[in-house]
Amino acid sequence: MELPVFLLFAFISIACGVSLVVQRHPIASALSLIGVMGSIAVLYLLLGAEFIAAVQLIVYAGAIMVLFIFVIMLLNAGAESPMGKSWPSRLFGIPLLTVFLALLAYLIQTYAPSLPNVRFGAMTTGAGELGRSLFTKYLLPFEVTSVLVLIAILGAVVLARKEID
Amino acid sequence: MRSTGGSKRHTDSDTDSSSHFVAMNFFLISLIKTGVVAGALLTTLAYLQWIERKVLAHIQMRLGPYRVGPHGLLQPLADVLKLTMKEGYIPSHVNVFFYLLAPFLAVTCALISICMIPFGPSVEIFGYRTDLGLADLNIGVLFVLAVTSVGVYGIALAGWSSNNKYSLMGGLRSSAQMISYELPMTIALVSPLLLINDLSLRTIVNEQGGYYLGIIPKWSIFQLPFPQLISFLIFLISSFAETNRVPFDLPEAENELVAGFHTEYSSLGFACFFMAEYANMITATCMSTVLFLGGWHAPFPAEYGSDFVPVLLLLAAAAVLIYQGVVDPKAGRKWDRFSLPVAGLGAAGLALVFLIPVLKPILIPIFWFTAKTGFLLFVFIWIRGTLPRFRYDQLMNFTWKFLFPLSILNLLATALLVALAGEKS
């Protein structure tokens with residue numbers, strides 16, 4: 001039962017990822033990215049990590065990507081016309097890609113040669129345990145991150161503020 | 001997606017035949033439940049629109065729809081026929097793929113979230129124990145939030161793909177408004193979760209059962225250590241904005257934007273947006289009922305006769321109908337002499353159904369759930385008939401400068417009092 005669903009959504013996420021790169025129009029690319037997020041959320045759900053799946057949807061698809069789409073719509077960005085490829089990209093593109101993929105495969109083989117297979121529904125960590133570990137074991141990183149976000153918000157406010165003389 | 005029934009199937013697999021039987025039973029019951037809920041939801045959607053027109057008409061001293069069927073009761077049917085028979089016209093200047101995708105997204109996201117709502121306790125039907133409600137994820141609240149937050153794409157895309165200034169303004173306004181009001185809504189919703197300490201909607205309702213001093217219900221809006229009245233009001237106000245209803249219906253403000261994001265839509269595309277708005281309303285009211293008003297729990301205990309409230313209400317309705325039809329009929333409405341007493345007898349018969357002991361444990365909780373949800377839906381319509389529309393800067397100032405700080409204060413107060421009261425077992 002789980003395997004066909006997994007294969008379906010893995011395929012959808014890869015297809016959306018390819019479409020994200022290939023699409024000419026920014027809105028189409030952004031929507032493909034939402035498709036990737038959504039299908040990855042389904043994969044989390046299959047693994048049993050329901051909380052992570054919901055957070056993935058709420059934070060990425062529901063908040064961040066809405067802002068992206070909002071900005072694209074506001075700027076009224078049109079479809080991009082393809083420019084001719086430069087000679088370095090023609091010359092080195094495919095060889096560099098092959099080297100990169102080979103390097104990736106080599107690193108995975110060296111550092112994680114025999115990881116056990118992940119089973120469907122195995123990760124049953126609920127929201128309660130996650131919250132508890134965030135507020136006990138990982139309290140310092142959590143608070144530091146929140147201060148970082150606060151600084152980012154302050155920076156945005158200062159940049160966007162109108163000068164009042 | 002896992003439901004409670006699904007996990008039961010795995011535990012019961014002692015012998016092959018019995019597990020097969022249980023699995024079949026689970027499948028069958030789920031199919032029946034889905035059919036019933038889908039049918040009831042779609043009928044409610046159609047008739048909610050009729051009720052809204054009737055209530056608005058009576059607020060404005062009019063009669064409302066009266067031509068199709070007795071008291072305009074067949075008007076929704078006529079509307080559905082009209083919308084489906086119209087030509088689905090696609091303007092030449094739109095982005096066709098996104099133009100067609102947008103209403104589909106809007107209506108799907110609006111209809112899906114109903115599957116998380118628990119309508120009643122677990123009951124026994126023909127010896128098979130099942131929950132009244134479709135599914136019960138242990139992150140039910142988050143699921144509903146996630147699905148509704150994806151729903152905004154429908155409106156934003158419709159506005160953009162229509163390639164029309166009014167539509168684009170509507171889409172932009174709606175996405176800005178929905179992002180802004182999602183904040184106070186989510187924070188307001190966290191406070192009852194702190195009291196109850198769980199994310200499953202069924203557990204949330206179960207925790208609100210029981211009564212203080214034998215009479216005051218333990219609903220979230222009354223629950224100690226900190227009654228959630230403020231967060232209930234914040235949630236309700238934000239859900240008006242999230243569903244694009246008056247007084248926050250700026251995305252479709254007629255006097256400024258023609259019809260806002262759905263200006264270019266006709267026939268079924270328009271019907272999808274229309275359905276999505278009403279389905280979102282139903283989801284919002286169901287969520288307020290479940291989170292704040294104790295779901296299916298009666299407002300006062302059964303010892304004081306809360307089981308007889310539906311019977312008395314229906315009998316009173318029957319008495320009024322029969323009186324209006326037989327004793328004091330309005331001049332010039334001959335049909336009322338027949339239709340009103342028949343409807344009255346129907347109401348009296350329904351009252352008797354609520355007295356049947358076998359059906360009582362199913363019907364009474366569903367009655368209370370429907371009564372609370374229905375009352376909130378009435379409030380939605382009432383407000384639409386009462387308040388004018390906000391200006392856009394007022395709308396944004398209201399959420400960012402008032403609702404958002406207030407919801408954070410409420411959350412801090414709740415957290416402090418819950419921490420002082422000690423951890424729940």
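Helix H6 of chain B is followed by B:Asn163, whose phi is positive, near 60 degrees. Helices here are DSSP runs of H or I with at least four residues, and strands are runs of E with at least two, numbered from the N terminus. The structure is a predicted model, in which local features need pLDDT of at least 70 and side-chain atom pairs count only at pLDDT 80 or more, while totals for chains, interfaces and linings use all residues. Residues are numbered from 1 along each chain as its sequence is written, and chains are lettered from A and ligands numbered from 1 in the order in which they are written.

B:Asn163 lies in the loop between H6 and H7 of chain B. With 16 C-beta neighbours inside 10 Å, this residue counts as partly exposed; a residue is buried if 20 or more other C-beta atoms, placed from the backbone, lie within 10 Å of its own, exposed if 12 or fewer, and partly exposed in between. A positive phi in a residue other than glycine also occurs at B:Asn244, near 55 degrees. B:Asn244 sits in the loop between H9 and helix H10 (254-257) of chain B and is buried, having 24 other C-beta atoms within 10 Å.

The contact between the chains takes 16 residues from chain A and 20 residues from chain B, two residues being in contact if their C-beta atoms, placed from the backbone, lie within 7 Å. On the side of chain A that touches chain B, H2 and H3 each supply at least two residues, and H3(A) gives the most, with 12 residues. That side divides into 13 nonpolar, 2 polar and 1 charged, where Ala, Val, Leu, Ile, Met, Phe, Trp, Tyr, Cys and Pro count as nonpolar, Asp, Glu, Lys and Arg as charged, and the others, Gly among them, as polar.

The predictor gives the complex an ipTM of 0.76 and a pTM of 0.82. Chain B averages a pLDDT of 81, on the predictor's per-residue confidence scale from 0 to 100, and 92% of its residues score at least 70.
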